Amino acid sequence: IHGAATLLVNRILHDRIEQHLMDQVHLLYGQTIRYGKINTYPLAGTVTVTDLYFNNTSAELLMPDSVGFEIEVEKIRVSKVNVWEILFNKDIVIREITIASPSMRLNLDEEILKGEPTSITAGEEMLSFVARLNVDRVHIEDAAVSWRMLDSHLAFDVEDIDLTVDNLNFDFAAQTATYNDSTYAVSLSGINILTPDSLTYITVGSLETKNAGPIYIRDFKERNTVGYRELANRSHLPEVWTAIDVPLVETSPINIIAQILSQQVWIDTLRVRTKTLDVFEDLRYPNVDPYPMPQEVLMSVEVPLHVKYLRASVDTLRYTMASTDIHDGTLEMVHIKANVKDFGNRKRDQFSVKGSAEFVGGGKGDLQLTMKMNKACDWSIKLNAKGIQGSAFNGFLRPIFGLSADLTIDEVVADYKGNKDKAAGDFKMLYHDLQIHTYKGESAYDIINKNAKAIEDLG
């Protein structure tokens, strides 16, 4: 008798739970819903839904300025639900929710991002069934996300997401949510991003963080999707083409969830190790508008940003310039290191940089830079370099200007101050054994006069 009663109660509750789950999904989304099977063991507090699918992508349902989505979930398992709390107190108390292999595809209209943030609520119908939801642990495993922007080339894909959050509590009457912001785990891998203009492609091997600890970003790579000369050929403006390979970015311990909710970024220590950085500047076309100052770019970012200490290194930096349709000149530096203090983007912030680099072929330089976040974009720079061989510049000088130099630069000292409108300072260079070679029967003075515009653009 006891067994039959248990089966009967399970059957009744199973039917009610199944119907309610479908009603709530329709209530929230009102769209196409399919599922393979719902297994419920209410007295044991277990519900499992398999092969769940719902979307709102049909033409008659997807309205302008809305989000189109498709969601597929291999399995959702809810463990140790307190049925009596649901029946008598309208509280859902759950030990653990596991969502296995969910896949989400989003299509956004660009206009939706310009409006006010929206949220999905269940309204009074949800409150008629449950007042509060308490979950000890939510675990999402092997998730995938694909995001496309309508009328744009923007593409964002993440192949593998694992997320764990503890002590998640919703109060539907008060419309509040709380959680344990110091016990969580986030892991993303296989991240691929194509910018809206389709000209830049970014990949990230993995991003990991847990329990308000350090954030690790591995194998960050950025490159342009077209040839370095093609950018300027399209716009007929000076363009900068870049490619970067960053094996590791690491932060000091940071509570990423709290910072996302506070809409600001505050990091005590940030370490960035770059393997290669290639910069190609195309100066074949006249510059109509002046380049913005770095401070102007930083202050245009709406999210407040502050990094107390930034430690950066670059194994190899290659700067290449094109000033003709045929030749490119390249300058290469290695073992670059920079220490930045109080890096920020709010007005009245000021940060300082101390750095060093080595030239291929010999020689080393040290740099000190200060930048102020103000309207004038004030800055100051000090440079000291010693023991540089002239051959270090020939890969740049000969293709661009048709000359090469043999000399030893004993010391270079520079001390400048300025802002976005003007600059002034002192420059001193000590050298010996200078010999200049030309290759087209021209004198060095003729070459300098002929390339005065390129020299000005380079400066």
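**Aromatic pairs and helix faces**

Analyst: Phe359 counts as buried, because its relative accessibility is 14% and buried means under 20% relative accessible area, exposed over 50% and partly exposed in between (1.4 Å probe, protein chains only). This is a predicted model, in which local features need pLDDT of at least 70, side-chain atom pairs count only at pLDDT 80 or more, and totals for chains, interfaces and linings use all residues. Residues are numbered from 1 along each chain as its sequence is written, and side-chain values use heavy atoms, with hydrogens and water left out.

User: How many aromatic pairs does the structure hold?

Analyst: There are six aromatic pairs. Rings of Phe, Tyr and Trp (its six-membered ring) pair if their centres lie within 6.5 Å; planes under 30 degrees apart count as stacked, over 60 as edge-to-face and the rest as tilted.

User: Why is the pair of Tyr228 and Trp241 edge-to-face?

Analyst: The planes of Tyr228 and Trp241 stand at 75°, so the pair is edge-to-face, with the ring centres 6.0 Å apart. The pair links distant parts of the chain, 13 residues apart: Tyr228 is in helix H4 (residues 228-235) and Trp241 in strand S12 (residues 239-251). Helices (H or I, at least four residues) and strands (E, at least two) are DSSP runs, numbered from the N terminus.

User: Which of these counts as buried, and which as partly exposed?

Analyst: Trp241 is buried at 17% relative accessibility, whereas Tyr228 is partly exposed, with a relative accessible area of 36%. Ring pairs also link Tyr228 and Trp241 with Phe280 into a cluster.

User: Back to Phe359, then. Where does its partner Phe393 lie?

Analyst: The rings of Phe359 and Phe393 have centres 5.8 Å apart and planes at 50°, so this pair is tilted. Phe393 is in the loop between strand S18 (379-389) and helix H7 (394-401), while Phe359 is in strand S16 (350-359), so the pair ties together parts that are 34 residues apart in sequence. Phe393 counts as partly exposed at 24% relative accessibility.

User: Now the helices. Which residues of H7 are buried?

Analyst: They are Asn394, Phe396, Leu397, Ile400 and Phe401. Their arc around the axis (taken from the directions from the helix axis to the C-beta atoms) is only 160°, which puts them on the same side of H7.

User: And what follows H7?

Analyst: Gly402 follows H7, and its phi is positive, near 75°.

User: Which residues are buried in H4?

Analyst: In H4, Arg229, Leu231 and Ala232 are buried. Its buried residues fall within an arc of 150°, so they line one face of the helix.
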